[in-house]
Structure formats: structure tokens, C-alpha cells
Amino acid sequence: MAIRWITIVLMLAITGAQWLTGARAAEPQVPVLWDAKERLPKPDLAALPRLRFLTTTDFPPFNFLDGAGRLSGFHVDLARAICAELGIAEKCQIQALPWAELDAALQKGEGEAVIAGIAATPESRSKYAFSRSYLQFPARFIMPKTNALTEPIFDRLRGKRVGVVAGSAHERMLRDYFGTVQVVPFVQLEELYDGLRAAKVDAGFGDGMRFAFWLGSSNAAACCRFAGGPYLAPEYLGLGMAIATRANDPALAAAFDYALQQISVKGIFAEFYLRYFPVSFF
């Protein structure tokens, strides 16, 4: 437990979030996952004949077809910005395939990278080389606006009824780190939302991105807002999104790290984030 506690505190500090029991949390903001002072080597990709990003069309707002049938989304804009930052825009292509075909296409050389949310795990690292994470997904509390708590939130949650999806990583995290609350498991996320609106629970705990989409929707009827957080814990929630290349091409993954850092430092990432996530989950 001590190791897990250290991990979550470090992740919170890195992203500008606050400690679980610490001072007032910052207002939701654009996540900053890159150190502007770190000096990453600028890659020379002059010999690269082309750079083909593989993605899907069925994961909005990351990848989708717009009203005119054009491939659009956060990942599409990010891939184009990476190519521009690397000075190879004329060599770049973005191709959409069904999720089940992405791995085979990459391994057969039909693309050089996958930007579609393949999770970086010990198992997947045997097959892919990954960039560093460019987007992570914090856990968040949501509460009715009239009763929403502010940091320090830990003691103020004592005895509160907190809804969470049963059997999820968020339930395990809630029980481990917020042991003084009354955990109320729900089978489906929609049931949690219904319980929150009906005052059957005082708060909900779960994936910040999903909560953000709900908070911004008509279904929420402007009832609720984020309270406390955001909280990152990779041992529960994973490392977030990264770009995958073939395992024998770590140099390309490193090139993406350089481009992603520059995109962050120059404010381009913030522009994309606010465009596709108007209700910030950080």
C-alpha cells in the first residue's frame, strides 16, 4: 500500500493535480504531461520514405467520420501536428481501419504507427514500441452543484454515499484510498447517473473523461460538477494513451516523443484538447 500511495502522489504532482488529502485542488485545466525543460534530441527522418498512421473511425471524439465523410478527431489532428513538427508533412498519411485489423496491418508494414489507444502494458510492450503517454485519464468525483465539495476533500467525504461501477478499477481505487466513504456499487454507469440525480448517492466516482461528456450533455440537466481531484494512479487506471510502432522501431517512437513535447510546449496540444473536450476532465 505504501508503494501505491507514493505512486499516486507523484503522478498528481507531475500533472499539477493536488494530493488526495492536501490543499485546495486547481480548477480543471489542460493536462501538462511534458517537461518543457527536458532536452529531447530532434530526430532526422530524412531517410524515412513515408509515415502512415493507422487509426479507426468509431471512437469519437478521437477518431470519427464528420458530416462530409472525412476522417476527423483528436487523433487525426494530433497525427498531422506530429508530422508538421517533424518536418515531414508531405510524407504523412492517415488511414482508418477496423480496430481488429490494426495490429496485422502494422506488423505487415502497411503502416508505421498506430494512434488509436492501444494500451501500453507489459504484455503489449513485447509487440510494440510506444511513445510516452500524451493523454491520461484521471479518476474524478462528481457531485450535485448545490453540495459539491472543495479540497481538502478526503475528510469531508467521510460517511458520504459514493456511487461507482461495480467491479471496476475505480471501485478498487475508491475502496483503497477513500475507505471512510460508503461505497454504493452500480452495475451500469447510467444507473450511477440516475442515482446521483435521484439523491440516492451523494457523489459518483469514476472515469473523468466519461463524466465530462455526461456533465456537458443534456442528460445531466446541469445538475452536477466535478469535486476534488483529478486523481491519477497508473497501477489502477493504466498509463494513458501512447502511439504504438513495431517493436523493432523504437527510434520512431522516440521521434514521436520529441514532436509531442514540442506540441505541448507550443500550446498546440492545449488547442486540440479544448476543441475536443470542452468540459475538461482535469
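## Helix α2

Buried here means under 20% relative accessible area, with exposed over 50% and partly exposed in between (1.4 Å probe, protein chains only). By that cut-off, the buried residues of α2 are Phe74, His75, Val76, Asp77, Leu78, Ala79, Ala81, Ile82, Cys83 and Glu85. The model is predicted, so to speak of local features takes pLDDT of at least 70, and side-chain atom pairs count only at pLDDT 80 or more, while totals for chains, interfaces and linings use all residues. Numbering starts from 1 along each chain as its sequence is written, and side-chain values use heavy atoms, leaving out hydrogens and water.

Ten of the twelve residues of α2 are buried, so the helix is largely enclosed by the rest of the structure. The cover includes β1 (51-55), β5 (92-96), α8 (250-265) and α9 (268-276); helices (H or I, at least four residues) and strands (E, at least two) are DSSP runs, numbered from the N terminus. Just past α2, Gly87 has a positive phi of about 70°.

## The largest pocket

The largest pocket comes out at about 560 Å³, the space filled by probe spheres set on grid points joined across faces, edges and corners. A pocket is an open set of points on a 1 Å grid over the protein atoms alone, where a 1.4 Å probe fits, with protein on both sides within 12 Å along at least five of seven lines; lining residues have an atom within 4 Å of a point.

Of its 26 lining residues, Phe137, His170, Asp207, Arg210 and Leu237 lie nearest the centre. Helix α6 gives the most to the lining, with four residues.

Methods: Contact = heavy atoms within 4.5 Å.
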